Amino acid sequence: MTLPKKTTSAFHKGEIQVQKHVGMYEEMAHWGAKVVRPFFIEQHRLFFSELPFAVVSALDSQGKPWVTLLAGKQGFMHFPDDKTLHFATQPIQGDALEEAFVEGADIGLIGIELGNRRRNRATGSIAKNDGKGITFEVSQSFGNCPQYISERTWKYAETNVDDMSSTRHSVLTESMQKWIACADTLFIGSGYKEEGEHRSNGMDASHRGGSPGFMKVLNERQLVLPDYSGNNFFNTIGNLILNPLVGLLFLDFEKGNMLQITGRAEVDWDSDKIQEHPGAHRLLNIEIDEIVELKAILPLRWSLANNIKGGLRVSNKVIESESVTSFELTAFHLTENTLPRFYAGQHLPITLPVFEGKSSIERTYSLSNSPMDDHYRISVKREEKGIGSSYLHDTIKVGDIIEARKPSGDFTLKYPARPIMLISAGIGITPLMSMLYSLTQTQKSWPVFFLYGARNGKNVPLLNEVRACQHQHQALQLDVVFSQPNEQDILGKDYDREGRINAELIKHYVPDLNADFYLCGPTSFLNHLTSELEALGAKRSSIYYESF
C-alpha cells in the first residue's frame with residue numbers, strides 16, 4: 001500500500017488556489033515556509049501567557065463550526081513546552097462549543113491584545129481535556145498584521161449566575177441585527193481537512209474589523225462581510241472555497257455578552273456589489289443556520305480609549321515623496337496645548353468622517369517625529385483602495401480638525417544596552433524616524449546603524465531627515481539601499497547599494513549580531529529578515545518589529 005505523501009508546505013490547496021488567484025503564490029510560498037512554524041516561538045509564548053482571553057474555533061458534534069472565547073486570570077494560559085499550550089479553564093455552560101473540546105478535536109486559536117493591536121494565530125488539536133483544563137498541541141503558529149483592530153482596554157468584571165443566560169435561535173432578532181450593524185470587531189472560524197497528513201489541516205480562527213457597521217445585515221438570515229487586505233496567507237478564504245461552513249463571534253464589550261453564529265459562506269470575487277464596500281477586495285455572503293446568544297457570561301469588559309479633548313488641528317501638510325505626505329498636528333484647545341506624551345515607535349489612532357452621513361472610519365498611523373516635539377506628526381502613504389490615506393491626501397487641509405485618541409502601541413525604543421540597528425522598508429521608516437530622533441537627542445554617542453530600504457529616489461520619504469540626523473549623531477552609520485534605482489539616481493550620492501536589505505548586509509555592520517534590531521516594513525520583508533537573523537544565531541529577544 002502506498003501511503004499519502006506528507007507535504008511540508010505551510011498552505012493547503014485552497015489557500016494556494018487563492019494566493020495564485022491574486023498573484024501572491026510565489027511570495028507566500030517562500031515566506032510561509034519561514035514564518036509559519038510548528039511550534040510557539042518565545043515571543044508568542046510570552047504574549048499568550050499575558051492575555052486574559054483567547055479566541056478559539058472548533059466544530060460541534062454535528063460538524064458545524066463555531067467560535068468562542070476562553071477567559072481567565074492572566075496566566076491561565078501557560079506553556080509546558082514550545083509545542084503545547086494549556087488552558088486552565090473550560091467553555092461556559094450553554095456555549096455552542098461547550099462539549100467540543102475533546103481529545104483529538106481540531107481547533108483554531110487567535111490571541112489578540114486590542115490595546116496595542118498585537119495578534120498571533122495558531123492551529124492544532126486537543127491533546128487532553130481532564131475536565132479542569134484543556135491541553136492544546138500546535139501544528140502551526142504565526143504572527144498576524146495589526147490592521148483593522150479597534151483599540152480597547154480591558155478590565156476584569158464580576159459575573160453573576162443569576163444574570164447569565166444562553167438561548168438558541170434560527171434567525172437574527174431585531175436586537176441582534178442592531179448589534180451586528182454597530183459592530184467594529186468580529187471573529188471568524190473556518191476549516192478544511194486535506195486528504196493525508198498536512199500541517200495546515202484543521203480549524204482556523206481569525207479577526208476581522210472595520211468601522212462600525214462594516215458588516216452588513218441584509219435580513220434575519222443573511223450577512224455580508226467585506227474582505228480587506230491582510231497578510232496574504234488567505235487562511236480563511238482558502239478554507240471557505242473548499243468548505244463553505246463558517247462560524248462568527250460578536251462580542252458586546254460593555255456588557256460581557258457573546259453572539260455565536262454558524263452558517264455557510266460564498267465568496268464574491270468580482271461583482272458590482274463589492275463597490276458598495278469601499279476598500280474591500282471581495283465579499284463573503286453568509287447564510288445563517290443557527291445562533292447562540294450568551295448574556296452576561298464573560299468575566300471581562302472592554303472600553304474604547306479616551307479621545308484627545310477637542311481633537312487635533314492640522315498645522316502643516318508636507319509632501320514627502322510621490323506617495324507620502326506628512327501631517328503635523330497640534331492641540332486644538334489653546335488652554336490645553338500640552339499633548340499626551342508618546343514614546344518613539346508608537347502610533348496615533350485617528351477617526352476620519354470619510355463618507356457624509358455614514359459612520360466615521362478609524363485608522364492608526366505611526367508617529368514620525370521626535371517625542372520631544374510639542375506636536376505630533378504622521379507620515380501617510382497613499383495606498384491603492386486606501387480610504388483613509390486617500391481622504392487625508394485629497395481632503396484634509398491645514399486648519400482642519402481630526403479626532404484622535406492618545407498614542408499607543410508597544411513597538412517602542414527600549415533603553416539601549418547594546419548597539420542599535422534600525423531597518424526600514426518603504427513607509428516602515430515612520431516609527432524608526434521617531435526612534436532615530438530620540439536616539440539623536442538623548443544618546444548622541446551610542447552606536448546606531450540605520451539600513452534604509454526603498455524602491456528608488458522618487459520613493460524616499462524622510463530620507464533627508466535621516467541624513468540630517470547623521471550629521472548630528474556622532475556614531476550613526478547610514479546605508480541606503482534601492483531595489484529598483486532609476487536613471488536619475490546616482491550610486492554613492494543618492495544611494496549606497498542596489499538590491500535588498502539582507503542578513504549579509506546586517507552582518508557587515510554587526511558581525512557578531514550583538515545588537516538590538518528594530519524592523520518595520522511589509523510582512524514579507526519582516527518575515528524574511530527575522531528568519532535570516534534567527535538562522536544566523538541572533539537572539540529572538542533582541543528582534544523587535546512592526547508590520548504595516
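Let me start with helix α4, residues 174–182, where Met 176, Trp 179 and Ile 180 are buried. Buried here means under 20% relative accessible area, exposed over 50%, with partly exposed in between, using a 1.4 Å probe and protein chains only. These three cover an arc of only 90° around the axis, which puts them on the same side of α4; the arc is taken from the directions from the helix axis to the C-beta atoms. On the other side of α4 we find Glu 174, Lys 178 and Cys 182, which are exposed.

This is a predicted model: local features need pLDDT of at least 70, side-chain atom pairs count only at pLDDT 80 or more, and totals for chains, interfaces and linings use all residues. Residues are numbered from 1 along each chain as its sequence is written, and side-chain values use heavy atoms, leaving out hydrogens and water.

Helices (H or I, at least four residues) and strands (E, at least two) are DSSP runs, numbered from the N terminus.

Next, the sheet. Six strands form an open, parallel sheet in the order β27-β26-β25-β24-β28-β29. Two strands pair if DSSP finds at least two bridges between them. β27 (497–498) and β29 (543–547) stand at the edges with a single partner strand each, so one side of each is left without a neighbour in the sheet. Strand β28, residues 516–521, pairs with β29 over five bridges, and Phe 517 has Ile 543 in β29 as its bridge partner.

Finally, helix α10, residues 523–536, lies across β24, β28 and β29, at about 155° to β28. Contact means heavy atoms within 4.5 Å. Axes are lines fitted to C-alpha atoms, for helices over the stretch in contact, and angles run from 0 to 180 degrees between N-to-C directions.
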